[in-house]
Structures are given as C-alpha cells and as structure tokens.
Amino acid sequence: MPAGAVVTSVEHRTGNRLVVVTVVRGGFDSALSFLHKQLPKAGYALKEGEVEQDDAESNFSSATVNGRWTLQKMPDCEGGVCLTYLTSAAS
C-alpha cells in the first residue's frame, strides 16, 4: 500500500476472498503511479485495467494471489483517494 494509507475497513468474504478499503493522501496520480510501479516490483502482474479521469482499476495476480484494485478520487477530500483491494487465493 502507498505510504500513509489508512485502512478504513476489512471484510472477509466466502471463498477466502478479502476486501481491504483504504484512504490515501497525496492525490490520484501519485497513488496510480505507486500501483503501476510497486505492484510489479512486489511480484504482481497487472492486467485488464483502465484509467479514467477520476478512477482507475486493474486486475492483478501472482503465483498465490488473484485480485483487483480500484482507485477513486474522493470529491469531498482534497488530495484524497479511495483505494480498494479485492483478493483471493490463486487456484
């Protein structure tokens, strides 16, 4: 997660899925750059994603994890973005 990310919720779902919602300061572009650079360095392959003006999303995977992240600007929070991860064990 980007430096300074604050976890706002964690939800365990059926099928060993995990949803983690965070708030990140520093702006949309900075958080997006972090995801594009640091996830591959950590061993995750990014795929099937898109970037729009106020939100972005991508699937990602490793040898042990499949997931999806979403990034959305928070209109009432200057420089704040909501970063959500949904993960499950790779089959």
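Arginine 68, in this predicted model, has a relative accessibility of 26% and therefore counts as partly exposed. Its salt-bridge partner is glutamate 57, with the closest N and O atoms 2.6 Å apart. The two residues link distant parts of the chain, since arginine 68 belongs to strand E5 whereas glutamate 57 belongs to strand E4, eleven residues apart. Glutamate 57 is likewise classed as partly exposed, because its relative accessibility is 23%, and the limit under which a residue would be called buried is 20%.

How many salt bridges does a search of the whole structure find? The search returns three, and another of them brings together the side chains of lysine 73 and aspartate 54, at 3.6 Å from N to O. This pair, too, links distant parts of the chain: lysine 73 lies in strand E5, which covers residues 65–73, while aspartate 54 lies in the loop between strand E3 (45–51) and strand E4 (55–61), and the two are 19 residues apart. Lysine 73 has a relative accessible area of 38% and is thus partly exposed, and aspartate 54, with 40%, is also partly exposed.

A further salt bridge joins the side chains of arginine 13 and glutamate 11, at 3.0 Å from N to O. Arginine 13 counts as partly exposed with a relative accessibility of 35%, and glutamate 11 is partly exposed with a relative accessible area of 39%. Both positions fall within strand E1 (residues 6–13), which runs antiparallel to strand E2 (residues 17–24) and is joined to E2 by seven bridges. In this pairing, arginine 13 stands opposite arginine 17 of E2. Together E1 and E2 make a hairpin with three residues between the strands, and in that turn glycine 15 adopts a positive phi of about 75 degrees.

Cysteine 82 is accordingly in no disulfide, the sulfur of cysteine 77 being the nearest cysteine sulfur to its own, and the structure as a whole holds zero disulfides. Cysteine 77 itself counts as buried, because its relative accessibility is 16%.

Conventions
Residues numbered from 1 in each chain as written. Predicted model: local features only at pLDDT ≥ 70, side-chain atom pairs only at ≥ 80, totals over all residues. Heavy atoms only, no water. Pairing = 2+ DSSP bridges. Helix = DSSP H or I, 4+ residues; strand = E, 2+ residues; numbered from the N terminus. Salt bridge = Lys/Arg side-chain N within 4 Å of Asp/Glu carboxyl O. Buried < 20%, exposed > 50% of the residue type's maximum accessible area, 1.4 Å probe, protein only. Disulfide = S-S within 2.5 Å.
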